[in-house]
Amino acid sequence: MRRLIAIKESPVLVLCVGLFICFAIYVPNFLDGPGILDDVKQYASYAILAVGMTLIIGSAGIDISVGSVLGFSTVLFGCAMARGMGLMSACLAALIAGSVWGMLNGFFIARLKLQPIVVTLSSMAAARGMAYVIAGQGVSSIPLPAEAAGRVNLTYGSYSPLILALVVAVGGWLVLVKTPLGRYILAVGSNEEAARFSGIDVAKTKLWIYSITGFLAGLAGIVTAGMMNTSITDAGLGYEFEAITAVLIGGTSISGGEATVVGSILGVVAVSMLNRGLGLMGINDLELWRMLCLGVILISSVLLDQLRKRAMSKSAKAQAV
Amino acid sequence: MNKICTNKIPKELPILLFLVAMCAALAVTKSTFLSADNLRAMGTDAAGIGIIAVGMTAIIITGGIDLSVAAVLALSALVGGRLISDGMVIQGCAATLLTGIGCGALNGGLITIGRMPPIIATLGTLYIIQSTATLYSGGQAIYTNGHIALLGRGFIPLMITVLVFGAGYVLMGFTKLGRYVYAIGGNEESARLAGINPAHIKMAVYVSAGLLAGVAALVTMGINNTFQANDVPDYMLGAIAAVVIGGTSIMGGEGSVRGTMIGVGISTVLRNGAILVGLDARWTQAVIGAAIVIAAIADRLRRR
């Protein structure tokens, strides 16, 4: 029991298992119904965003611009394809665009020392605005050219968004757990001043994580365009909150210093199971019940996490005595 | 703290000058800018965001944030609006305000008793309250049938907004409560040691913000004569943007209601000016985003 309490992913793991058992028993077709792959695939872009968000929240920052950056790179990708650019160069353009937005965020936050929420609030507005601007007057979606769409589908065949998300997750886990950058992120997150005194280049660390997150948002933009065969200017609207929700459900602490990519992925899994389960139950107003459940889960998982921490400090005290 | 020192430049001066310069430029180049119709339109445009921005200022000064404010506005409008459309105007208005207060108390309770970080608590209640609002209304618009059209007529929305700002200014600048709000935002632990109960103050702040969301709901319904659950999604970011442009520090402990008033003015004039000069509407979001960053940088420079 004590060992279970010490694992920070335990609340989200309990949640996942609980949701799985409930839905598997009460919802017919939950496990074997049609479209399970399509359902799961929808969450590839969330998972990609959540990995970047984990690094940022672990450093005690926040990035609410990811949804808009996703939208911007999706539109850029669509425009590039529509003008006959090759798939590779269009992808490259989208990835570079995402990274540049991320770098801008990082520059303002790390070098000019502005608050992350202020900076990313404004880039959230700016990136969405620029997406509308490059899409052109009154254009809300850019279909990919037919032959290009075929190629995108080949490249992004049925499993590839999932594989991509998995690669990103493993990469994020490696960065966080196995590299100096990961250590620096958590050090900056738990105490920035102490991190600086111990010789960590705080500004460089922040610049890196915001750039990585921007890059991942660009990647998620390509995945979104590829799955829908079209680029929508409103793509990614509100994704930032869903990504933050998944990360927090997963056990990453909003005050920084504690982060887990595994937990975040489990958070995305929990959210996706919730959506599929509710969807198959045939409820009207699906979106609303989904939001209601998300809110309740978010609040209860954070409360659960606090109980966990209290129990941990109690058992630590007991051991000390 | 928020005391005016006569020998120092007030921190709101740069943004005030910016606002004045913007107005002057528009007044000179566009004769319609100062016309009564346009002023009335701007006042109406500023009302909803302006009213909730006052509550948001107090919350941000305590070091918190409220992501649920637009959802609270929507829920209280729909709860009260149903009564108002049936002709029960007084009960409807009371229900609107009480719903706002209730939602504020929920936020405050989660943050003080549940000890949750404000950004998480209000992200959770954003989901819960927004979906409750839509479920409650069944996605249908409610119509107030002109029963509270008085609240939206002419310059009345602007006057209500100014009144709310006046009340906020006095409460934050000249009362004990206001002092305590700055104190817990500056350093909660030392405020607690000085004998202030942070939980009570925060509760009061979140409940007032809820009440103001209710007031904004009434004014919005008065202006539009109708309301739908997803009418005001951008009010939350608009309010936070106005507070931040107004120089309130997102870290808490610093800021002012007058700054927020100027912030609301800047974002309103920006929107209005973009329309007047025929700037493509698609650019306005990008421009407002840039304004937030410029304000933040200016604040940073001033502090050095």
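Helices (H or I, at least four residues) and strands (E, at least two) are DSSP runs, numbered from the N terminus. The model is predicted, so local features need pLDDT of at least 70 and side-chain atom pairs count only at pLDDT 80 or more, while totals for chains, interfaces and linings use all residues. Residues are numbered from 1 along each chain as its sequence is written, and chains are lettered from A and ligands numbered from 1 in the order in which they are written.

How does the overall fold of chain B look? The C-alpha trace spans about 55 × 55 × 30 Å along its principal axes. The radius of gyration of chain B, taken over C-alpha atoms, is 19 Å, which agrees with the value near 19 Å for a compact globule of 304 residues; the globule rule is 2.2 Å times the number of residues to the power 0.38. Of these 304 residues, 55% are buried, meaning that 20 or more other C-beta atoms, placed from the backbone, lie within 10 Å of the residue's own.

Turning to the chain pair, the contact (C-beta atoms, placed from the backbone, within 7 Å) draws 37 residues from chain A and 36 residues from chain B. On the side of chain A, α7 (116-135), α13 (239-249) and α15 (286-320) each give two or more residues, and α7(A) gives the most, with 13 residues.

Definitions and conventions. Buried ≥ 20, exposed ≤ 12 C-beta atoms within 10 Å, placed from the backbone. Contact = placed C-beta atoms within 7 Å.
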